[in-house]
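Good morning. Please have the structure open while I talk.

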Amino acid sequence: MLTVAYMTSRPNPRFEWFTASLRRQVLESGWQLTDVNLVVVDFYADNPGRCAYMNDRANGFKITLTPPKPTVWQGKYRLTKRDYFAASNARNTAFCFAPDGYIAYVDDLSVLMPKWFSRVREAIKHARVTCGAYKKATKLVVEDGIAVSWDEEKIDSRWNLGRDDQPIPITGGALYGCSLVLPTDFVLKVNGWDEDCDRMGGDRKSTRLN
């Protein structure tokens, strides 16, 4: 089973961009939408109307919508004066909803580029960890799940290391969580994402091309 985990802590994450691009690639591959377990970890999941809002943008996928599990860094159980970045906690939350098989992680404000799902299926075929690279973009225009125009703002430091025809080896320090697929057994072996890393991190107001 493939679980695709989508992380957001934004009121308007442009979820419809992501689901439209995923739908197109899943169906083109010969898979069915029901072959994908789509888990959405949403900081606003408990807000009134949020479930309907996300389901209206799911593009035919049945989604599991959940808030991040309790953490000291954010949400109603926080011990801090304000909410902090807690990506490891959100990713571990998604993993709790993943059956045996594989899990792919995707961040919000993103649209999948055309070969993303084929690379996920290749990783599953060979039982390996595969990372994607991304571009951060402004003025992104998405039509039917395809990014048709954008202005580049920043390129992932790994972008120019990659190849279009095959994956290349990278070090562990180059494994970022925002575009990644791996066997769930591997996640268990390392006890999930290290939540000591929560609170650290930053992001700019932009969108991602994965």
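One term first: a residue is called buried when its relative accessible area is under 20%, and exposed when that area is over 50%. Keep that cut-off in mind for Arg91. Its relative accessibility is 10%, so Arg91 counts as buried.

Before going on, note that this is a predicted model. The average pLDDT for the protein is 92, and 95% of the residues score at least 70. Residues 202–206 are another matter, with a pLDDT below 50. That stretch has 10 contacts in the model beyond near neighbours in sequence.

Back to Arg91, which sits in helix α3. How many of the nine residues of α3 are buried? The count is nine of nine, so to speak, and the helix, residues 87–95, is mostly covered. The buried set runs from Ala87 and Ser88 to Ala94 and Phe95, and includes Asn89 and Asn92. What covers them? Strands β1, β2, β3 and β4 are part of the cover, and so is α5, residues 184–189.

For Arg91 itself, leave aside neighbours within four places in sequence. The contacts are then Met7, Tyr105, Asp107, Gly177, Cys178 and Trp193. Ile103 is 12 residues from Arg91 in sequence, and their C-alpha atoms are 10 Å apart in space.

Next is Thr8, in strand β1. Thr8 has a relative accessible area of 6%, and therefore it is buried. Not counting residues up to four places away in sequence, Thr8 touches Pro13, Val41, Asp42, Phe43, Arg50 and Asp108.

Now helix α4, which holds Ala123. Is Ala123 buried or exposed? The relative accessibility is 0%, so Ala123 is buried. With neighbours within four places left out, Ala123 is in contact with Tyr102, Arg128, Thr130 and Val181. Met200 is 77 residues away from Ala123 in sequence and 29 Å away in space, C-alpha to C-alpha.

Last, the second largest pocket, which holds about 950 Å³ of space. There are 35 residues in its lining, and Arg119, Cys131, Gly132, Ala133 and Arg163 lie nearest the centre. Two or more lining residues come from each of α4, β6 and β9. Which of the elements gives the largest share? That is α4, with five residues. Sorted by class, the lining has 19 nonpolar residues, eight polar and eight charged.

Key: Residues numbered from 1 in each chain as written. Predicted model: local features only at pLDDT ≥ 70, side-chain atom pairs only at ≥ 80, totals over all residues. Heavy atoms only, no water. 1 Å grid on protein atoms, 1.4 Å probe; cavity = no way out; pocket = protein on both sides within 12 Å on 5 of 7 lines; lining within 4 Å. Points joined across faces, edges and corners; volume = space filled by probe spheres on them. Helix = DSSP H or I, 4+ residues; strand = E, 2+ residues; numbered from the N terminus. Nonpolar A, V, L, I, M, F, W, Y, C, P; charged D, E, K, R; others polar. pLDDT = per-residue confidence, 0-100. Contact = heavy atoms within 4.5 Å. Buried < 20%, exposed > 50% of the residue type's maximum accessible area, 1.4 Å probe, protein only.
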